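Here is a short briefing on one chain. It covers the fold, the core, the aromatic rings and a surface patch.

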Amino acid sequence: MYRSREHRMIAGVCGGIAERYGMRPTTVRLLFLLSCILPGPQFILYLIMWVAVPKAPARQYH
């Protein structure tokens with residue numbers, strides 16, 4: 001899994017999850033925001049993924 005270069009708003013984490021599972025980035029972002037209402041470490045997990053998950057390789061056009 002990679003952080004998205006194309007579908008990013010902050011760090012590309014939600015965009016990368018969306019690309020990995022064939023979902024729309026907006027849907028993943030909304031689910032993340034809704035999950036922040038619930039108790040739990042969602043925001044901390046986002047920050048960890050921001051640091052731990054590499055950016056997608058740059059596309060090279062020949």
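Read along the sequence, the chain follows the pattern α-α-α. It has 3 helices and 0 strands; helices (H or I, at least four residues) and strands (E, at least two) are DSSP runs, numbered from the N terminus. This is a predicted model: local features need pLDDT of at least 70, side-chain atom pairs count only at pLDDT 80 or more, and totals for chains, interfaces and linings use all residues. Residues are numbered from 1 along each chain as its sequence is written, and side-chain values use heavy atoms, with hydrogens and water left out.

**Overall dimensions**
- The C-alpha trace spans about 50 × 25 × 20 Å along its principal axes.
- Of the 62 residues, 29% count as buried. Buried means under 20% relative accessible area, exposed over 50%, and partly exposed in between (1.4 Å probe, protein chains only).
- Among contacts with a separation of 6 or more, 48% join residues 24 or more positions apart. A contact means heavy atoms within 4.5 Å.

**Nonpolar core**
- The largest nonpolar core has 7 residues: Ala11, Val13, Cys14, Ala18, Val28, Phe32 and Tyr46.
- H1 and helix H2 (25-35) each give two or more residues to this core. H1 gives the most, with 3 residues.
- Such a core is a set of buried Ala, Val, Leu, Ile, Met, Phe, Trp, Tyr and Cys residues joined through side-chain atoms within 4.5 Å.
- Cys14 touches Val28, Arg29, Phe32 and Tyr46, not counting residues up to four places away in sequence.

**Aromatic rings**
- There are 2 aromatic pairs. Rings of Phe, Tyr and Trp (its six-membered ring) pair if their centres lie within 6.5 Å; planes under 30 degrees apart count as stacked, over 60 as edge-to-face and the rest as tilted.
- Phe32 and Tyr46 form a tilted pair, 5.3 Å centre to centre with 35° between the planes. This pair links helix H2 to helix H3 (residues 42-52), 14 residues apart.
- Tyr46 and Trp50 form an edge-to-face pair, at 6.4 Å and 75°. They are 4 residues apart in helix H3, so about one helical turn separates them.
- Tyr46 is buried, at 10% relative accessible area. Trp50 is partly exposed, at 35%.
- Phe32, Tyr46 and Trp50 form one aromatic cluster.

**Surface patch**
- Met9, Ile10, Phe43, Leu47, Trp50 and Val51 make a nonpolar surface patch of about 690 Å².
- Met9 lies in the segment before helix H1 (13-21). Met9 is exposed, with a relative accessible area of 66%.

Terms used
Patch = residues over 30% accessible without salt bridge, like charges linked within 9 Å, V, L, I, M, F, W, Y side chains within 5 Å. Areas by Shrake-Rupley, 256 points an atom, 1.4 Å probe, with all protein chains shown as cover. Salt bridge = Lys/Arg side-chain N within 4 Å of Asp/Glu carboxyl O.
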